[in-house]
Amino acid sequence: MKLRLPTFDDVFYSMDISKDHPSYDMYELVKDFARQNVRSQPHYLHDIKLKDSRAGQKIAALDKQDAVRLVRALIEFWHAATKAYITINKLPAEAYNDPDYVFRSQRGDASCIVETVFSAVMRRKLPLEGSDIDLLLNLFAAYDDRPYKAGYFRVGIVSALEHFTKSGVFTDVQTAQVKKIAAAWSKNNMATDWRRSGARLEKLISSDSAIPLKTGEAWSDLALEHLSVLDKSRLAIWADLLNHCQTATAGKPSKKWLKTAQDLVDRADREQFRRAILSWFPAVKEPRTEPINEWSQWSPDPNLEIIPPHADILKGLVWCASTYEDAEVVRALTDLAISSYKKIPQVGPRLVKVGNACVFALGAMPGLDAVGQLAILKVRVKFGTAQKGIEKALVAAAEREGIPREELEEMAVPAYGLTDVGVLREELGEFTAEVTVAGSKTELRWIKPDGKSQKSVPAAVKRDFGDELKELKLAAKDIEKMIPVQAARIEQVYLQQRSWEFPKWRAQYLDHPLVGTLARRLIWSFETHGEKVSAIYRDGRFVHSDNTPLENLTDGTTVTLWHPLDESTDDIIAWREWLLEHEVQQPFKQAHREVYLLTDAERNTGVYSNRFAGHILKQHQFNALCAARGWKNSLRLMVDATYPPAHMVLPNWNLRAEFWVEGAGEEYGVDSNETGTYLYLTTDQVRFYRDEAALNWAQAGAGDYTSAGPDEEENHPLALEEIPPLAFSELLRDVDLFVGVASAGNDPNWSDGGPEGRYRDYWTSYSFGDLGNTAQTRKTILERLVPRLKIAERCTFSDRFLIVQGDKRTYKIHLGSGNILMEPNDAYLCIVPGQSVHKGANKVFLPFEGDRTLSIILSKAFLLAEDTKIKDATILSQINH
């Protein structure tokens with residue numbers, strides 16, 4: 001039987017509303033709105049806006065009393081739509097209470113109009129009466145088992161109920177209805193936004209004295225266990241505190257909110273609160289204790305999410321912690337922020353509101369310890385919104401402490417108990433603990449009373465100094481986290497154009513207990529009375545590359561970070577030889593740093609560089625690299641949307657660099673992941689603009705970038721010859737890094753050419769093609785290192801390859817991609833990094849940290865030089881083929 005949907009007129013005339021009806025004008029207004037908007041395809045009605053019609057504008061202008069009368073009329077229309085559907089199709093009377101029939105009737109014009117107007121009107125805080133609440137709750141009477149089918153009313157009704165409870169009280173019947181609806185919405189198989197709405201309703205009917213925590217999550221189970229042993233009066237205080245934390249729904253706390261929170265924390269006891277959050281916060285990242293086995297296929301995995309009200313409670317607890325000046329609390333907030341910003345499928349960052357609260361708290365905390373943790377988050381967290389919050393927090397901390405923003409991070413680097421540069425010593429009974437910093441790692445050893453040392457923790461220390469031992473190990477971990485953060489910060493100095501007076505530099509860099517471990521492995525330029533020389537710190541003094549001491553340093557000497565761009569080839573080579581001779585491993589490439597000079601091709605193109613065009617990049621890896629290097633970028637979705645290019649702003653230079661990229665491919669699910677995000681990008685031009693110039697924009701899958709501003713001089717690209725050489729070199733170095741690391745050509749598993757083999761030619765040309773600047777540097781280093789290795793007699797070099805002579809085959813390792821060809825027929829050998837790592841590669845001295853491909857090449861060389869000892873079946877099958 002084919003059923004007919006009722007038109008709006010069917011519904012309106014079935015109601016038989018007389019002109020004497022007190023709300024007749026509201027019915028007429030809805031009728032006018034319908035007739036001005038009804039189209040041939042009813043589902044388009046949900047896109048209607050009130051402002052787009054005369055009747056809609058009248059609805060938007062109603063005062064609150066008339067808006068209440070309109071809501072009553074809309075509910076009557078809704079029920080009439082169902083009755084009209086049943087009458088028109090001659091269905092049995094009992095069909096009115098059948099959810100299937102009710103849902104099917106919702107596709108008529110009348111129900112679409114009602115939903116559209118209802119959603120708009122209920123955004124206002126209306127003075128609803130108890131009878132109106134009954135009408136609203138009865139809307140859900142037919143949907144107890146299928147809450148999704150009342151979707152368009154959910155948000156409006158929740159808001160109305162919340163507003164009602166501020167001045168009114170639910171009846172017992174209403175409370176029971178709200179409880180039933182909340183239970184239906186809070187089920188684990190519901191979408192996240194429905195569960196949040198369910199939590200809001202549960203909050204309305206819960207007692208203020210109840211603990212607002214549920215079981216099922218590691219942290220909440222732990223909290224409930226801790227609270228279960230409290231007496232009634234103490235438990236009531238914690239209930240007040242946690243219920244107050246659940247009101248943490250704003251972007252940041254008001255002074256009034258914080259004042260109330262601190263009063264409650266004082267009542268609960270500040271030390272007990274501190275111990276509680278130090279125990280609870282680490283458990284937030286732990287798996288659910290009550291796994292959820294069923295959920296909607298269209299919703300994210302609820303096992304990876306958190307119970308909606310718990311997120312607000314955690315946010316409030318974090319805000320409460322913002323007045324503590326405590327190293328452990330600071331550390332706990334940092335770890336919680338990192339876990340909160342961790343991405344999960346179909347959601348993105350897991351707990352944005354909690355992560356943002358941690359950033360706020362660290363920025364608001366007194367003292368400078370928290371600033372150091374913000375510096376860690378600045379490097380560890382890649383989420384763009386979080387980066388903005390971290391920068392705001394750093395600015396706020398700088399203003400509070402009265403320190404210029406650019407100096408704040410320098411001054412705030414903690415020493416973590418280090419008593420000398422790179423050394424921490426602490427006496428624990430008869431033993432002396434000694435933590436030493438070696439590169440980016442720490443080593444802990446124990447010195448016995450007789451002066452001998454051991455690596456294992458003495459039993460007496462474990463027994464008598466448990467707390468001190470724990471703090472010592474935590475300090476070692478903190479040091480290892482902070483070292484790469486400070487290395488990245490110092491490397492940024494190149495584009496910040498920083499310089500220091502010698503005494504200040506010595507205190508904040510050379511002699512700083514932690515930063516000194518980095519500064520003493522770097523080359524610095526010293527300018528005194530107009531004379532500029534370079535030197536490195538060695539054995540208690542500054543020396544030149546020929547080991548002669550640097551003299552005549554004064555308080556007026558200016559210090560800058562040495563860069564090879566302005567140095568002669570002889571000086572650069574001399575410093576490289578010095579590092580190898582003394583086996584000093586730099587924290588990042590400095591003496592071996594690539595320099596990018598303007599080419600003739602770029603002079604011809606004038607305003608853009610094609611040097612890195614035509615590559616295929618893995619989008620997610622590229623996006624992470626952009627964030628790590630300070631570039632702004634957005635993941636591109638396979639949708640009809642526009643995006644700006646990846647770009648870097650340099651305020652000190654009044655410059656903006658743009659790297660033009662676009663989504664690669666057109667087939668959803670093949671060229672994108674399940675969320676529609678492009679898997680790969682293709683690369684195009686690099687351009688430079690003034691900072692104030694309008695950004696360019698292009699469709700996600702198209703590279704036709706156009707300016708968002710008018711065609712005026714200030715929006716035009718700059719000539720490449722105008723770009724300061726240092727800025728040009730450093731920014732192109734970043735782009736080379738993006739390509740060199742994120743290129744699909746690096747992936748040994750991509751030899752089939754990726755999706756449908758479309759990129760086979762690109763993979764081959766990149767994997768075994770000409771060497772770029774980074775690969776050329778890599779080759780130079782290997783040519784110096786390999787002759788010192790035990791496999792030296794088996795290794796030679798060609799223009800693009802490290803050639804390794806094994807017993808079974810001869811292998812050519814490409815110095816750019818690290819991929820391998822086997823002679824005599826250039827057969828491809830796939831070895832996935834980490835599949836078989838040779839121990840010998842880990843013992844080779846490298847003159848700088850951070851080049852993973854260099855380590856991979858060495859590991860493969862050691863492995864293949866002894867190919868008769870290879871046991872990996874996958875590798876052997878290829879070699880023996």
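**Entry 1: a loop residue with positive phi**

I began with N547 and found it partly exposed, at a relative accessible area of 29% (partly exposed lies between buried, under 20% relative accessible area, and exposed, over 50%, with a 1.4 Å probe and protein chains only). Before going on, I noted that this is a predicted model, in which local features need pLDDT of at least 70 and side-chain atom pairs count only at pLDDT 80 or more, while totals for chains, interfaces and linings use all residues. I also noted that residues are numbered from 1 along each chain as its sequence is written, and that side-chain values use heavy atoms, with hydrogens and water left out.

I placed N547 in the loop between β10 (541–543) and β11 (558–561), where helices (H or I, at least four residues) and strands (E, at least two) are DSSP runs numbered from the N terminus. The phi of N547 is near 75°, a positive value in a residue other than glycine.

I then turned to D269, whose phi is near 90°, again a positive value in a residue that is not glycine. D269 sits in the loop between α13 (255–268) and α14 (270–280), and with a relative accessible area of 32% it is partly exposed.

**Entry 2: the chain as a whole**

I looked up the overall dimensions and found that the C-alpha atoms of the protein chain fill a box of roughly 105 × 65 × 60 Å along the principal axes. The secondary structure comes to 34 helices and 24 strands, and 52% of the 881 residues count as buried.

For contacts (heavy atoms within 4.5 Å), I took those between residues at least 6 apart in sequence, and 67% of these join residues at least 24 apart. The accessible surface comes to about 40,900 Å², and 50% of this belongs to carbon and sulfur atoms; the areas come from the Shrake-Rupley method with a 1.4 Å probe.

I recorded 109 positive and 122 negative side chains, with the centres of the two sets 4 Å apart. Here Lys and Arg count as positive and Asp and Glu as negative, without His or the chain ends, and each charge is placed at NZ of Lys, CZ of Arg, CG of Asp or CD of Glu.

**Entry 3: salt bridges**

How many salt bridges does a search of the whole structure find? I noted 50 of them, each being a side-chain nitrogen of Lys or Arg within 4 Å of a carboxyl oxygen of Asp or Glu.

One of them is between the side chains of D478 and R331, at 2.7 Å from N to O. This pair links distant parts of the chain, since D478 is in helix α22 (residues 466–491) and R331 in helix α16 (residues 327–340), 147 residues apart. D478 is buried at a relative accessible area of 6%, and R331 is buried at 10%.

I next followed R629 and D734, whose side chains meet in a salt bridge of 2.9 Å, N to O. R629 lies in the loop between α28 and β14 and D734 in helix α29 (residues 725–742), so this pair ties together parts that are 105 residues apart in sequence. R629 is partly exposed at 23% relative accessibility, whereas D734 is buried at 2%.

A further salt bridge joins the side chains of D851 and R778, at 3.1 Å from N to O. D851 lies in the loop between α32 (839–842) and α33 (852–865) and R778 in helix α31 (residues 773–785), so the pair ties together parts 73 residues apart in sequence. Both D851 and R778 are buried.

I finally checked how these pairs are connected, and found a network of salt bridges that links E491, K589, R593, E594, R629, E730, R733, D734, R778 and D851.

**Entry 4: a charged patch and other residues**

Which residues gather in a patch of positive charge on the surface? I listed K252, K388, K392 and K632; patches take residues with over 30% relative accessible area and no salt bridge, and like charges are joined within 9 Å (nonpolar side chains, Val, Leu, Ile, Met, Phe, Trp and Tyr, within 5 Å). K632 is in the loop between α28 (619–628) and β14 (642–643).

I looked at the peptide bond between E823 and P824, which is cis, with omega about 15°. P824 is in the loop between β23 (820–823) and β24 (827–829).

Last, I placed N356 in helix α17 (residues 352–364) and found this residue partly exposed, with a relative accessible area of 29%. N356 and R788 are 432 residues apart in sequence and 51 Å apart in space, from C-alpha to C-alpha.
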